Amino acid sequence: MDKGRLLEGKICLVTGTGRGIGQEIAERFAEAGGFVYAGARQAGSLEDWADAVNNGVAGKICPIYFDMTDSAAVRQAVVRIKKEQGILDVLVNNAGAVYNGALGMVPMDKVREMFDVNVFGLLDLSQLVATRLMMKQKSGSIVNIASIVGVEGSRGQVAYSASKGAVIAMTKSMAQELAPYQIRVNAVAPGMVETERLHVEIREEYRDHMPPIGMGRLGNAGDIADTCLYFASDMASYTTGQVMVVGGGYDTQSRAFYNIEFR
């Protein structure tokens, strides 16, 4: 699929680009001509990757390091972008934490960790971006990464589902509040996505028990990145408050593997 120059001249911030889906989103945006601030926690961890990508894309990836749970660091990141660019056209809230466990077996410290990143960190960054940049420029697109389990629920993922359900609720409320400022807010809710983390958690035995996915395959990071590109671009200029499930026709009534990650 030719992504053209859908984000040419646009300034973007993508969080959680240390691996997997986040890196793919950042790369897609740079391919489409965007100047992409790629966020991660570990200082220096993205330099080699960014240099490699920048050699062959129309846009540019610029690493930026901060912890989503550190409000002061989040604020500093937004201030830096405002100082360097003056605007921010696109924010993708991809950073997330996941811990799976059956009801009664989920440690509360893990619940707090997930909500700190998935909910509180997302809200902190989004409201700073909205009030400091997008509301003043009267334009922008915020894309939140939710999950199919935030829509449908999932056995063995009660806490994670709750955090992603909160992301969906915030998306819809933010969309209503920010629409008068011409700021769009949408969410992408992936189903099963084939990532490095998925392989670690379920091993190759998973291949012998393919879950009920109508299209007969797992999703990949590119499937999610392309949906984010649509929401970020002017193709979605009249679309806000939507939750796009990207699940390949997954049968939510027949989960055989409730103890693995749905990103």
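**Entry 1: α4 and α6**

Which residues in α4 meet which residues in α6? I started my notebook with this one, and I kept in mind throughout that the model is predicted. On the α4 side I listed V111, M114, F115, N118, V119, L122, L123, S126, A130 and M135. On the α6 side I listed A159, Y160, A162, S163, K164, A166, V167, M170, M174 and L178. I sorted the residues of this contact by kind and got 16 nonpolar, 3 polar and 1 charged.

Next I looked up the geometry. Two packed helices are described by the angle between their axes and the distance between the axes. For α4 and α6 I noted an angle of about 15 degrees and axes 9 Å apart. Angles under 35 degrees count as roughly parallel, so α4 is roughly parallel to α6. I also wrote down that α4 passes α6 in a right-handed crossing.

**Entry 2: α3 and α4**

I stayed with α4 and turned to its contact with α3. The axes of these two helices come within 10 Å and cross at roughly 25 degrees. α3 and α4 are therefore roughly parallel to each other. Here, too, I found a right-handed crossing, with α3 passing α4.

From α3 I noted S71, V74, R75, V78, V79 and K82, which meet D124, L125, L128, V129, R132, L133 and K136 of α4. The residues of this contact divide into 7 nonpolar, 1 polar and 5 charged.

**Entry 3: α1 and α8**

At what angle do α1 and α8 pack? I found about 50 degrees between helix α1 (residues 20-31) and helix α8 (residues 221-232), with the axes 8 Å apart. That makes α1 oblique to α8. The crossing of α1 past α8 is right-handed.

I then listed the residues that make the contact. α1 gives G20, I21, E24, I25, R28 and F29, while α8 gives A221, G222, I224, A225, D226, C228, L229 and A232. By kind, I counted 9 nonpolar, 2 polar and 3 charged residues in this contact.

**Entry 4: the cores**

In soluble globular proteins, nonpolar side chains tend to be buried together. With that in mind I looked for the largest nonpolar core and found 35 residues in it. L13, F66, L125 and I142 touch the most other members. The elements giving two or more residues to this core are β1 (11-14), β3 (60-65), α3 (71-85), α4 (108-137), α6 (158-178) and β6 (183-190). The largest share, 8 residues, comes from α4. There is also a second, separate core of 32 residues, and V14, V90, V92 and F231 are included in it.

What does L13 touch, leaving aside its neighbours within four places in sequence? I wrote down Y37, I64, I81, L88, V90, L91, V92 and L125.

V92 was on my list from the second core, and I placed it in strand β4 (residues 90-93). Is V92 buried or exposed? Its relative accessibility is 0%, so V92 counts as buried. Not counting residues up to four places away in sequence, V92 touches L13, V14, T15, I25, F29, V143, I145 and C228. Among these, I25, F29 and C228 had already turned up in the contact of α1 with α8. I also looked up V92 and L122, which lie 30 residues apart along the chain; their C-alpha atoms are separated by 9.6 Å.

S161 sits in helix α6. Its relative accessible area is 10%, which means S161 is buried. Setting aside residues up to four places away in sequence, I found S161 touching V149, G150, G153 and S154.

Q76 belongs to helix α3. Where V92 counts as buried, Q76 counts as exposed, at 57% relative accessibility. I noted 8.5 Å between the C-alpha atoms of Q76 and F66, which are 10 residues apart along the chain.

**Entry 5: the chain overall**

To finish, I stepped back to the chain as a whole. Its secondary structure comes to 8 helices and 7 strands. How much of the protein chain is buried? Buried residues make up 51% of the 263 residues. I also looked at contacts between residues at least 6 apart in sequence, and 76% of them join residues at least 24 apart.

Methods. Residues numbered from 1 in each chain as written. Predicted model: local features only at pLDDT ≥ 70, side-chain atom pairs only at ≥ 80, totals over all residues. Heavy atoms only, no water. Core = buried A, V, L, I, M, F, W, Y, C linked by side-chain atoms within 4.5 Å. Buried < 20%, exposed > 50% of the residue type's maximum accessible area, 1.4 Å probe, protein only. Helix = DSSP H or I, 4+ residues; strand = E, 2+ residues; numbered from the N terminus. Contact = heavy atoms within 4.5 Å. Axes fitted to C-alpha atoms, helices over the stretch in contact; angles between N-to-C directions. Parallel < 35°, antiparallel > 145°, perpendicular 65-115°, else oblique. Left-handed = near helix turned anticlockwise from the far one by under 90°. Nonpolar A, V, L, I, M, F, W, Y, C, P; charged D, E, K, R; others polar.
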